[in-house]
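Biologist: I would like to learn how to read a structure like this one. Could you take me through the sheets and then the ligand?

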Amino acid sequence: MRLLVTGAAGFIGSHFVRHALAQPGVESIVVLDALRYSGNLSTMSDFRDQVIFVHGEIQDADLVGKALRDHGTTHLVNFAAESHNDRSLLSNSHFVQTNTFGVQVLLDETRKNGLERMLQVSTDEVYGSIDDGEFTEESPLQPNTPYSASKAGGELLCRAHWVSFRTPVVVTRGGNTYGAFHYPEKLIPFFLVRLLQGKKVPLYGEGSQVREWINVRDHAAGVWAVLTKGENGQVYNVGDTNERPNREVVSFLLAELGLDDSLVKCIPDPRKGAHDTRYSMATSKVRSLGWEPQVPFDEGLRQTVHWFRDNEAWWRPIVEDADYKSFVEGFYGPSLGDDL
Ligand code: DAU
């Protein structure tokens, strides 16, 4: 197998490359990444010399086609995405360009260049929110934010290209993912880097929303199982059974760091109507491929806390970057450091 992995300078993509490098039968890996704000070469430092790096956007058909041909690619896995809901509430054209139009380019290039398979990494958020029970792969798509709508758009193109052209494509829908190298804008890494700096953390509302967490190593292994054993034209939920309200996750982080509740500030929910209450997915389909999550939530979260504590050299340049500071100030207000 000769792989091209997009977005592998980011969080889940980089873990997928680590996983793939340890598998038999992988002859070469090309990483294509635009190195936008959440993609970082330092995230790839442990495997940089084992992959070929191409800098560019997935929307650039010429670049994608050339990269596929130059390296005789047989399999393409797409992790490249704009992925932060809060950012999509501020402005969302980039989300549609990358998450929808970008996927169309990859599908076209997969077909034109005769690849054996493309895998599109999607999200459980395409289903919307569920109060009771769990989503199956047959549940209707009811995305609630511009981010999740743009991901649903990408997925629907996968379906259409399979039906119309028999482009060999499979889709995974991942749950809320946590672990090392997570760009510090999502709940767990954002709160960790703030707590490690002695700063308060902004919990939306009362923190009652429930997320279903999966360790990033399990997510990467799930994507590998679908890439190698899934069926073309199919969708596979990749999740674990760790449903937790946000406030419980935050209490765990505080306890692990030896801190108390005084560092938590409940703020008016900035997502307003777009804040999904609960996610939960049935995963029997991916489990039928022989995949099982391996990392218990408490153990994985503890390891993540320790990783962030021990790897300030990775996150410090990010949180000191002007663009990062301007997003945090723009979204949470300039008083984040003082009032919180
Ligand atoms: O479910 C999969 C999805 O999980 C992925 O597709 C997305 O890319 C990923 O960002 C994540 O979406 P969420 O919106 O659930 O993740 P986030 O970490 O941004 O928020 C998790 C919960 O924490 C959500 O209920 C909002 C809350 N939250 C988040 C932030 C950043 C806070 O209370 N305070 C915060 O500052």
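Modeller: Start with pairing. Two strands count as paired if DSSP finds at least two bridges between them. Keep in mind that this is a predicted model.

Biologist: Which residue stands opposite Thr177?

Modeller: Ile214 in β9 stands opposite Thr177. Now take the strands as a whole. β7 is joined to β9, residues 210-215, by three bridges, and the two run parallel.

Biologist: What is the strand order of the sheet with β7 in it?

Modeller: The order is β7-β9-β11. This sheet is open, has three strands and shows mixed pairing. An edge strand pairs on one side only; here those are β7 (176-178) and β11 (242-245). Direction ignored, neighbouring strands in this sheet are turned by 45 degrees against each other on average.

Biologist: How many strands does the open sheet with parallel pairing have?

Modeller: Seven, in the order β3-β2-β1-β4-β5-β6-β10. Its edge strands are β3 (52-55) and β10 (235-238), each pairing on one side only. From one strand to the next, the twist averages 20 degrees.

Biologist: How many bridges join β5 to β6?

Modeller: Six bridges join them. β5 covers residues 117-123, β6 covers residues 169-174, and the two run parallel. Look for Val121: Thr172 in β6 is the residue it stands opposite.

Biologist: Now the ligand. Which residues come nearest to it?

Modeller: Asp124, Glu125, Tyr147, Arg271 and His275 come nearest, out of 26 residues around the ligand. Sort that shell by class: it has nine nonpolar, ten polar and seven charged residues.

Biologist: Which elements each supply at least two residues of the shell?

Modeller: α3 (85-90), α6 (187-196) and β8 (201-204) do.

Biologist: And how do I read single contacts?

Modeller: Look for pairs of N or O atoms within 3.5 Å. In the side chain of Glu125, an N or O atom is 2.6 Å from an oxygen atom of the ligand. Backbone atoms take part as well. A polar backbone atom of Pro202 is 2.8 Å from a nitrogen atom of the ligand. For Tyr204, a backbone N or O atom lies 2.8 Å from a ligand oxygen atom. As for cover, the ligand has 690 Å² of accessible area on its own, and the protein covers 95% of this.

Biologist: Why does the ligand lie between domain 1 and domain 2?

Modeller: Because both domains give residues to the shell around the ligand. Domain 1 is 2-178 + 215-238, and domain 2 is 187-211 + 242-273 + 296-328.

Note on methods
Residues numbered from 1 in each chain as written. Predicted model: local features only at pLDDT ≥ 70, side-chain atom pairs only at ≥ 80, totals over all residues. Heavy atoms only, no water. Near = heavy atom within 4 Å. Polar contact = N/O pair within 3.5 Å; in protein donor to acceptor, adjacent residues only side chain to side chain. Areas by Shrake-Rupley, 256 points an atom, 1.4 Å probe, with all protein chains shown as cover. Helix = DSSP H or I, 4+ residues; strand = E, 2+ residues; numbered from the N terminus. Nonpolar A, V, L, I, M, F, W, Y, C, P; charged D, E, K, R; others polar. Domains from an automatic or database assignment. Axes fitted to C-alpha atoms, helices over the stretch in contact; angles between N-to-C directions.
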